[in-house]
Amino acid sequence: MKYVLVTGGVVSGLGKGVTASSIGVVLKACGLRVTSIKIDPYLNTDAGTMSPFEHGEVFVLDDGGEVDLDLGNYERFLDVTLTRDNNITTGKIYQSVLEKERRGDYLGKTVQVVPHITDAIKNWIESVSQIPVDGKEGPADVCVIELGGTVGDIESMPFIEALRQLFFTVGQDNFCLIHVSLIPVLGVVGEQKTKPTQHSVRELRALGLTPHFLACRSAQPLLENTKQKLSQFCHVPVSNILNIHDVPNIWHIPLLLRNQNAHNAILKQLDLVNDATQPDLQEWTRRAETFDNLTNSVRIAMVGKYVGLTDSYLSVVKALLHACISCSMKPSIDWIAASDLEDESARLTPEAHAAAWKTLREASCILVPGGFGDRGVSGMILAAKYARENSVPYLGICLGMQISVIEFARSVLDLEKANSTEFDEDTPDPVVIFMPEGSKTHMGSTMRLGSRKTLFRSPDCITAKLYKNSQYVDERHRHRYEVNPEMVGALEQAGLKFVGTDESGKRMEILELPNHPFYVCVQFHPEFKSRPGRPSAPFLGFILAAIGKLDAHFKKGLQNGTL
């Protein structure tokens, strides 16, 4: 196994995940099989209980793993299906070591960070790197490892030591270290400053790791004298200093690396020159250039709770991007804080309230994504009502589906106090209830998680057609509340149609509203399986409806025999 380690210095949020993903893309384009591992040094066992404001979205894998959003980048860029073990956390490592200690596996020895924790990290990396993630048999050729945080953080020290030992064990030809760093420009002087990177590399070398490559983040391309200076003080050849400057869209990053011959240098470092071909990135080039040249846009109102940090809905944003590009449109997302739509907001913050409603009314379509807790729920209900009554294309995901059921029950069934037991445990009309198998005492990994089968009840529904008339679909879930099965009959009698269920037929998965241009809600999260060039079906239908081309899409499908 060949390992490519990506570390970061100076500041967090430099784009290590995109850099690692792009390196994987370039190596894959050279004909190599690539897998990836993300190391998160926090003590949480997984990302499941962390606030989206704190750490961005929680990405869900097929096996139900709740992981860091960077694994979403890996899956989208590399078109692979990762496992929960591809995300290593301090919590997982310590948990596994302490379980062994309790069983007596260490035979009475004093359990220490070195060697027991570091050995556990090395063993985890070596075993997970062997798991095939691309649908083929046998292990990959290269494993790209991203170490979260920045060099020098206390919590990442055991991982750096373990990776130093791994480097020593596998040898020079099987290990490549790429250090991502920032090259800032001070406004007054206007000079590209290398000192922060010099200090970062010095700290890394003091810990026993010397980078083979520097991936320098900057607003503008690096000047030649900046590269010379970095090479001299960081002991990295000029040819191995990669510049990842700001680009119009992230699909340019693999092209940027290829244009700097990063693939040749990495292949040489890993002794893979004879096993690889020249990189075939035609599809990436076409995709990046297509996006750059798009002129028409579609306005999408995103009504959510965590709109203050767009990374909270990263996969939804990417799914919208994939769908829009397939329709030759640019996404123009209008972020609306759900609480700003509420009546209480009209009294407390009238300007924000008026602006939110103005934005909602001007949008071509409305999306209500997933979330937890009761903050902003009233605003989401108002958005769903507006979409339903004014024939505006509406897509509800997870909580967005439950919101639409509550709104329909209140407005059409006249059940004024209809609610979810998540928001009101004593509601007389619980249209959304806690799932029987859920836990009310433990939060982590107790939801309905991972890939589950959804069966279509009606082949004529919009969603089934978007999924090319499949009898079922496998999508990823993350929820602990569901539509009350006892209320389904009354809701359907009033006009709402549940067109998809789980295999038992009792758990509602997809709902549609007939005689509406596009009113589709899903209990699962289709955004997690959306890929560039292969957009998620509900998102594609949503955008097609917003630009008035959904019927034409279905007619074209009938003519081509795909529907």
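**Close-up views of a predicted model**

**View 1. Leucine 395 and its surroundings.** Setting aside neighbours within four places in sequence, leucine 395 is in contact with Ile366, Leu367, Val368, Val520, Pro538, Phe539 and Phe542. Keep in mind that this is a predicted model. Look for leucine 395 in strand S13, which covers residues 394-397. Is leucine 395 buried or exposed? Its relative accessibility is 0%, so leucine 395 counts as buried, the cut-off being under 20%. Proline 369 sits 26 residues from leucine 395 along the chain, and the C-alpha atoms of the two are separated by 8.2 Å.

View 2. Now pick out valine 4. Leaving out residues up to four places away in sequence, valine 4 touches Ile23, Leu27, Val142, Cys143, Val144, Ile145, Cys176, Ile178, Ile266 and Leu270.

**View 3. An open sheet of 7 strands.** Trace the strands in the order S5-S2-S6-S1-S7-S8-S9; their pairing is parallel. Strands of a sheet pair through backbone hydrogen bonds, and that can happen in a parallel or an antiparallel way. Which strands stand at the edges? They are S5 (87-89) and S9, each with a single partner strand, so one side of each has no neighbour in the sheet. Ignoring direction, neighbouring strands here are turned by 20 degrees against each other on average.

**View 4. Helices packed on the sheet.** Helix H5 (residues 113-128) lies across S1 (2-8), S2 (34-40), S5 and S6 (142-147), and runs at about 155 degrees to S2. Helix H10 (residues 262-269) packs on the sheet as well, touching S1, S7 (175-182), S8 and S9. The direction of H10 makes about 140 degrees with that of S7. While you're looking at H5, find proline 115, which has its place in this helix. A cis peptide bond joins valine 114 to proline 115, with omega at about 15 degrees.

**View 5. Strands S8 and S9 side by side.** How many bridges join S8 (residues 213-218) to S9? There are 5, and the two strands run parallel. Alanine 215, meanwhile, stands opposite leucine 242 in S9. To get from S8 to S9, the chain goes through helix H8 (residues 224-234), and this β-α-β crossover is right-handed. S9 itself (residues 241-245) is mostly covered, with 5 of its 5 residues buried. Ile241, Asn243 and His245 are on one side of S9, Leu242 and Ile244 on the other, and both faces are covered.

**View 6. Helix H6, end to end.** H6 has 14 residues (157-170), and at 1.5 Å a residue it should span 20 Å; its end C-alpha atoms are 20 Å apart, so the two values agree. The buried residues of H6 include Phe159, Ile160, Leu163, Leu166 and Phe167. Just after H6 comes glycine 171, with a positive phi of about 95 degrees.

**View 7. Two loop residues with positive phi.** Aspartate 79 isn't a glycine, but its phi is positive, at about 55 degrees. You'll find aspartate 79 in the loop between helix H3 (70-78) and S5. Its relative accessibility is 35%, so aspartate 79 counts as partly exposed. Leucine 107, also not a glycine, has a positive phi near 55 degrees. This leucine 107 is in the loop between helix H4 (90-103) and H5. With a relative accessible area of 76%, leucine 107 is exposed.

Technical notes: Residues are numbered from 1 along each chain as its sequence is written. This is a predicted model: local features need pLDDT of at least 70, side-chain atom pairs count only at pLDDT 80 or more; totals for chains, interfaces and linings use all residues. Side-chain values use heavy atoms; hydrogens and water are left out. Contact means heavy atoms within 4.5 Å. Helices (H or I, at least four residues) and strands (E, at least two) are DSSP runs, numbered from the N terminus. The expected span of a helix is 1.5 Å times one less than its number of residues. Buried means under 20% relative accessible area, exposed over 50%, partly exposed in between (1.4 Å probe, protein chains only). Two strands pair if DSSP finds at least two bridges between them. A crossover is right-handed if, with the strands pointing away from the viewer, the path from the first strand over the helix to the second runs clockwise. Axes are lines fitted to C-alpha atoms, for helices over the stretch in contact, and angles run from 0 to 180 degrees between N-to-C directions.
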